[in-house]
Amino acid sequence: MTDEADLRAAVATFDRSTVSGVETAAEDERKQVLSLFSLEEWATMPLSRYALGQAAPSGSEPTYCRLLEFGTPHLGSIKGGSAGKHIMYHHNSGEWRLAAPLRGMEPQGAWEELRGQFVRAFEAAAAQDFDAVDDLEALRFGPALVTKSLATYFPQHFLPIYAAEHLRKFVTLLGGSTEADAPAWRTNRQLLELAQSRPEFAGWGGQEVMHFLYGNFDPRPRQRTIWKIAPGERGRLWEQCRDSEMICVGWDELGDLSQYQSDSELKQALDAHWPRSSGGSLTVARRLLAFRDLEAGDRIVANRGVDEVLATGTVSGSYRFEADRSEYRHLVPVSWDVSHARKLPPQHGWRSTFAKVDPALFAKITAGQISSAGPQTSSPYNGVPVTLPEDVETVLEALERKGQVILHGPPGTGKTRLALGAALALAGRADALDAAPTQRAVAQADMLRDGRAHMVTFHPSYGYEDFVEGFKPDLSATGHGLTLALTDGVFHTLCAQASARPDETFLLIIDEINRGDLPRVFGELITLLELDKRGLPVALSVSKRPFSVPPNVRIIGTMNTADRSISHLDAAVRRRFAFLPVGPDPDAVSGTVGPLDLAQFFESLNTRISRHLDADHQIGHAYLLRDGEPIATDGDLAAAFHHEVIPLLEDYCLGRADLLHRILGSLVDQDTGRPALMSPPDLAAALAAEFTSGTPGPDA
């Protein structure tokens, strides 16, 4: 999190001159767009000049959508993802794919409607009637393209930032508040007005503001997944990939991957071409979409077999489909480093084309610290060779860097489990992370009894006297009346133990940390949490005893964002914690229940929740797990849906039947406004029809 001091310090050190070259390149690109697609020509522009996916003669001018996505990088990126962001495009199946407001129209009629809405948006922007753009329904289905279009034609009124999530985070950074359902262009305008109102940005251009924000407060995940990608069977295409500085994969029959809007759509195409392998096609679909969405700067590993690294690579450009190649037509540009080529111990899961690479293993590979006989990774905390899960490794790295971490996310995403997993790793029990649930529970209980890890749950009445020190009834006192005694709180006790054993790491897990009044609970100790202030003594406010926080103490808090947003936390508290999101994981619930694809239902449901509520109110994968495995029976599905998911959604909707209907669609009885009751087999079929059949939801 960031405060005003951090922002001003970053502004003071930002060298605006470094953006001058980019500004020149951006203006050249803008002039190219205006020369090929002037505002005056939009009213009569043919569909053939707009849409992606149409056959075009070699050397011809690019379509508008291709130019904005691939030919104008300095104007701000909208690369990646599917062609659905262009509202309408030509699919390689021969059909036109249209956004929901245009469905049912013939292509020419749909284009005339869409073109008319673009023209009205441009007229509204020219008149500075920006609210009028919000009423153009079809444009809401291509917010990034529309916002980039507005910023290209009217750069004085918009910033070159187009991702809605990034815009919301930047607005919050500059002290504003956002609406979850606001279109990207409105949030873009809000961000511009906030920047213009701050004296530190006086005289800055849009490119300067954009590069400053991304350069200092980049909202994109710092830890991207590292992928292992095999360049053909047994690495047979490696020399070609190395010399051409790219990585390529097969599945050529699918055509350009950018035409697929979801893993379920891609899964259907995989099943059509390779029906016998459809059992694992959802996983393949997700891996192919991850390949398509690789970004410049992402790291990958090229391998041969299960025990050989051919090179590590850094992605240098965006995915493309080269139809003229004889095979392996899906390409991503990569800069290769062959100095990291080496043999490894056999890696589980490397037989497939794609596999995730643990960051700790990748660090070992790039540092040249792995031999074929050695362990894969080594825990930096206890010297015991282990392979840590990626999420645990991320928590441990944040603890080492900051000293304390808050894991935040919707309910059921495994925040407490992750906190306990990090505690096991710190305690030298990483071997229990992959154990059966009962064995892991035993290891966690043993760890908490050992004393190096403590766990507490905050609640509204939890106070300083519980956490640090205070006078409490002395139950051992004899005689009449109430006797009070000075009592150490849980954090005071932990710090005393840590001071006595300075060579060991002590951890406090605070579950539901946001349910407590944190300034009141921590009191004067909030200052001592910063790593550079560890060991400094202060006089406690109750007893006046000297006290300090030892450098070997760490804190992990968990926070359910559906209860209270992170923004409600005290700024001084937020500044001293690293914040790690823990989101819903569709891969964790991969499986089927009768006709229902569980992961697809899970993602579709959360998409609707995010659209009509917000991302903080999604449901976690734990709701669809039993003993750590995806639910597999009609009965378990019905129990989870009716007894856990439905009550949670009803609570979120606060009695609004219309809102519940927009989320659950046909699962809500129109007469009563209540979720319909049905037998378990019927429920699985109904969920499949509502959420996984490809039929638009009730809001479409």
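Me: Which helices are included in what covers the buried residues of H1?

Reply: This is a predicted model, in which local features need pLDDT of at least 70, side-chain atom pairs count only at pLDDT 80 or more, and totals for chains, interfaces and linings use all residues. Residues are numbered from 1 along each chain as its sequence is written, and side-chain values use heavy atoms, with hydrogens and water left out. Helices (H or I, at least four residues) and strands (E, at least two) are DSSP runs, numbered from the N terminus, and contact means heavy atoms within 4.5 Å. The cover of the buried residues of H1 includes helix H6 (164–173) and helix H8 (206–217).

Me: Within what arc do the buried residues of H1 fall, seen down its axis?

Reply: Buried means under 20% relative accessible area, exposed over 50% and partly exposed in between, with a 1.4 Å probe and protein chains only. In H1 (residues 4–13), the buried residues are Leu7, Ala10 and Val11. They line one face of the helix, because the arc, taken from the directions from the helix axis to the C-beta atoms, is 100 degrees.

Me: Which exposed residues does the face of H1 turned away from its buried side carry?

Reply: An α-helix has 3.6 residues a turn, so residues three or four places apart point the same way. On the face of H1 turned away from the buried side, the exposed residues are Ala5, Ala12 and Thr13.

Me: What percentage of the 700 residues of the protein count as buried?

Reply: The secondary structure of the protein comprises 23 helices and 23 strands. Of its 700 residues, the share that counts as buried is 50%.
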